[in-house]
Amino acid sequence: CKLLDDATLQSSNECPDIPRFASVCIFRATYGNDNVTASARKSFVHSIDGCTYLMRALLKGDQPVQRIFSVVRNVHHLISAAPESIPKMENILETFAADDCSGEIENDSEHKKKYGLLEVLVATLAWALRSDPQFPGNAADRRSDLALEILRSLFAMDAGNPSVPLPSNDIMTQIGMMLCEVLCLSNADMRVYQCKLAVVALLLNAPGEYSGYLVSHDGIKPLVSIMSYQLSLVVVERTANSAEDAAAVVPILLVLRKLCQSNEAVLQIVKDEVFPPELEDSFAEKVAAEMAKMQSEGQSKAKNMAPLDAPRGTVRWKLIRLMTWIDSSVKRSACELLWTLCNEDATEFVLRTGFGNAVYFLGNKGVVNLPA
């Protein structure tokens, strides 16, 4: 810990980055679920005041990205594996802030700095995304690794965790800005795409008002693009592993459904991406023909067994394929999103997806009677 915090140890071409190596050693000593690492982690948090050294290292400016990444990785691990360390880190940062403000007007809240753990992580993320050269940089640039680790740390600091204080509106806005910045980056670099998947995970627990922010900052279409790519991974490339399938598609399906339910503008954008408006006239003609056929047969409800308009390879075709997937979470998530896009209208749902694909889901919804 002392090596991690030693300001006299600066890396150069001739001298190794000793503080980073110290951080790596701390991570390896405390990462794991066995008795030895659990004991080491407990000692780090409670006995040797390791959190103080870690927070000093996190706040230290002008240090290599690799070192900051290693420090943040330790913070992420403690947030996840030792939640009791969160208030300790918050109190340490509060103490540092009080020391920094000691020369300012006493009890003047407008002049007092506010940086807790969340604020420091968000500020570090902003630096990683916005510093030169343009993110994510060349192959040797580790800022993408740093950004990914911070995004995963933010996910671990879930609002439902009683150890985590509720964030201010200002910090929530800052997070929203950076999430949109990440979503609007090109998918050409896989490092960026991994950051986008971490953003999707964060949005699972985002407040409802984030949907409007994403609309106004062009964050919805990139999410649909992520869904399209993840659907291709599962439906086209077929991992044949239900756990991998679920991990690949369920988060983005849940996020889009949640956003659609909370905001009409999101619903319209996503529906237009899945069911393109320029093809709706053709779909309407097929619907009219199907309804005429139903009436001639004396039926009152749509019973087309296959979707009326879902050409192979389209996003809607991939989504419909998931409706009968072997993994129940994948199947349910795809059905729920399509149900939301159809405004929870059973007739539209059947016409767009096919009765054969929709019947089990509609049975669970109580719309149709399933045989015993």
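Is R191 buried or partly exposed? R191 counts as partly exposed because its relative accessible area is 22%, where buried means under 20%, exposed means over 50% and partly exposed covers what lies in between, as found with a 1.4 Å probe and protein chains only.

The model described here is predicted, so that local features need a pLDDT of at least 70 and side-chain atom pairs count only at pLDDT 80 or more, whereas totals for chains, interfaces and linings use all residues. Residues are numbered from 1 along each chain as its sequence is written, and side-chain values use heavy atoms, with hydrogens and water left out.

## Salt bridges

A salt bridge is taken here as a side-chain nitrogen of Lys or Arg within 4 Å of a carboxyl oxygen of Asp or Glu, and the structure holds 13 of them.

| D145 | R142 | 2.4 Å |

Helices are DSSP runs of H or I with at least four residues, strands are runs of E with at least two, and both are numbered from the N terminus. E336 counts as buried because its relative accessible area is 8%, while R257 is partly exposed at 23%. Both residues also belong to a network of salt bridges that links R257, R332, E336 and K365.

Helix α16 spans residues 328-341 and contains S333, which counts as buried because its relative accessibility is 7%. A polar atom of the S333 side chain lies 2.7 Å from the backbone oxygen of S329. Leaving aside residues up to four places away in sequence, S333 touches V250, L253 and L254, contact meaning heavy atoms within 4.5 Å.

## Aromatic rings

A pair of aromatic rings is described by the distance of the centres and the angle of the planes. Rings of Phe, Tyr and Trp (its six-membered ring) pair if their centres lie within 6.5 Å, and planes under 30 degrees apart count as stacked, over 60 as edge-to-face and the rest as tilted. By this rule the model has six aromatic pairs. One of them joins W339 and F361 in an edge-to-face arrangement, at 5.8 Å centre to centre with 65° between the planes. This pair links distant parts of the chain, W339 being in helix α16 and F361 in helix α18 (residues 355-365), 22 residues apart. W339 is buried at 7% relative accessibility, and F361 is buried with a relative accessible area of 4%. Together with F349, W339 and F361 form one aromatic cluster.

A charge sits over a ring if NZ of Lys or CZ of Arg is within 6 Å of the ring centre and within 35 degrees of the ring normal. The charged end of R73 sits in this way over the ring of F27, 4.2 Å from its centre, and that of R142 sits over the ring of F69, 4.9 Å from its centre.

## Backbone features

Most residues other than glycine have a negative phi, and most peptide bonds are trans. The peptide bond from D132 to P133 is cis, with omega near -5°, and the bond from F135 to P136 is also cis, with omega near 10°. P133 is found in the loop between α6 (117-130) and α7 (143-156), and P136 lies in the loop between α6 and α7 as well.

Positive phi values in residues other than glycine occur at D49, near 55°, and at D218, near 60°. D49 is placed in the loop between α2 (35-46) and α3 (50-59) and is partly exposed, with a relative accessible area of 38%. D218 is found in the loop between α10 (210-216) and α11 (220-236) and counts as exposed because its relative accessibility is 58%.

How values were computed:
Polar contact = N/O pair within 3.5 Å; in protein donor to acceptor, adjacent residues only side chain to side chain.
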